[in-house]
Structures are given as C-alpha cells and as structure tokens.
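The tour goes from the whole chain to single side chains.

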Amino acid sequence: DMYVSLGDYPYHLRMNKSLCYKAVKQNGLSLAHVVNKTKKICYAAVKSDGNALFDVPLELRSEQICLLAIKHGFRNDLSIIPNLTRKILIALITYDTDEIIKSLLRKLLDYEMCMIAVKRYHYNIRRVPVKLISRKMCIVAIKNGGKNILDYLADTPVFTDDLYIMAASYGVLVDIPDRLKTPEVYLSAIKRKISNAYYIYD
C-alpha cells in the first residue's frame, strides 16, 4: 500500500529506486525517507509537493528544481535555496505568499519585481519604496483593487488628482479628498459599485 508512510518500510525497500519513485509521486514528503535520492526521484517529489525541497540534497538543488518546487507549493524558509537567482525571485513573487513577498520587497528590489507583486495584489504597492513607484504602477494597483492604498500613494510625486478620479471610477471613494468629490465623481463611483453610495454625504 503506497499510502503507508515510506518511513515504515524496511531499509532495503527504501533503497529500491522504483518503489521510492512511486512513493514520492503520491506523497512528495516521502522523500525524507528515501535512501538513494536520485535526480529523477527528487524532481518527482517536488512536483508532488514543493516542500519536499527541504529533503533534496544540496548538490541537486539547482535553479530548475527550485523553480519547480515554488510552482508546486514551496512556501517556507528561503535559506534552503542555495542561490536566489533573478528567475527564482520572480517566481517567488509570482507564486508565493504575501509574507514572503513583503520580505523580498524589503530586501531585493527592482522595478520589474515590484510591478509583478503589485499585479498579483494591489496592496503590495504599500511595500514598494516611493522611489520605485511609477504612474503606471499606480494605475495597475487601482485597476487591481485600489482599496487602502490611496493614502500611501498620495505622498508620491507621481500621484496626481486624475488618479484619484480614476480610483473613484473603479469604485474607490474612500480616501479621495473632499475637493474632488464632485457629482460626476460620485456618479462614476456608484456606477462601478453601488455600495459607494454609503460614502456620499449631504
């Protein structure tokens, strides 16, 4: 029964490459119990569960297998990746959780990576240094949701009144300055999202 933990098998069976290959295809974390960790077995393991990367021998942790692990759910300690190449960083930002994105944006920044993060989730723009925020990035963030970011963007030199109005047209009335809340802006916001009527006062 391959659903029995591979760790329950006797040592001589855990040396059997064919048996181990079948086991890790069903449960990638079974790699921890494999005696002979070949490249083929390791690739099958991380394709089944990206977190099997923990048990891939260091000499087999190539860029290719790390990318595969990230694609298939690796969400843990980045220190086990021996070389954080640009491809790996972009993959982490594309696939990974917000906490890791937050960490990466603080330490390993460039415009392209930040834009990928903002496209993934508009709120990530709050984690982008002001010097890297462009007008295009603001527009992407607004179109991708727009909530709870206008107060941060207001302090950037690229954020102008027309972007506030654009945010309203995408249904974001919160944080728009009173001087810009004209009947036309209200109407545009309500057409996009009826609940914006809640923010309209006499």
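A residue is called buried when its relative accessible area is under 20%, exposed when it is over 50%, and partly exposed in between (1.4 Å probe, protein chains only). This is a predicted model, in which local features need pLDDT of at least 70 and side-chain atom pairs count only at pLDDT 80 or more, while totals for chains, interfaces and linings use all residues. Residues are numbered from 1 along each chain as its sequence is written, and side-chain values use heavy atoms, with hydrogens and water left out.

**Whole chain**

Start with the cartoon view of the protein chain. It has 11 helices and 0 strands; both are DSSP runs numbered from the N terminus, helices being H or I with at least four residues and strands E with at least two. Of the 202 residues, 41% are buried. Switch to a surface: the chain exposes about 11100 Å², and carbon and sulfur atoms supply 53% of that area. Such areas come from the Shrake-Rupley method with a 1.4 Å probe; for residues, only the protein chains shown count as cover.

**Helix α3**

Select residues 39–48, which form helix α3. Which residues here are buried? They are Ile 41, Cys 42, Tyr 43, Ala 44, Ala 45 and Val 46.

**Salt bridges**

Side chains of opposite charge can pair when their charged atoms come close. A salt bridge here is a side-chain nitrogen of Lys or Arg within 4 Å of a carboxyl oxygen of Asp or Glu. The count comes to 4 salt bridges.

Select Glu 112 and Arg 86, whose closest N and O atoms are 2.4 Å apart in a salt bridge. Glu 112 belongs to helix α7 (residues 111–120) and Arg 86 to helix α5 (residues 86–95), so this pair links parts of the chain 26 residues apart. Glu 112 is partly exposed at 41% relative accessible area, and Arg 86 is partly exposed at 38%.

Next, select Asp 151 and Arg 126, a salt bridge with an N to O distance of 2.7 Å. Asp 151 sits in helix α9 (residues 150–153) and Arg 126 in the loop between α7 and α8 (135–143), so the pair ties together parts 25 residues apart in sequence.

Then select Arg 135 and Asp 162, with closest N and O atoms 2.4 Å apart. Arg 135 is in helix α8 and Asp 162 in helix α10 (residues 161–169), so parts 27 residues apart in sequence are tied together. Asp 162 is partly exposed, at 37% relative accessibility.

Finally, select Arg 86, Asp 110 and Glu 112 together: salt bridges that share partners join them into one network.
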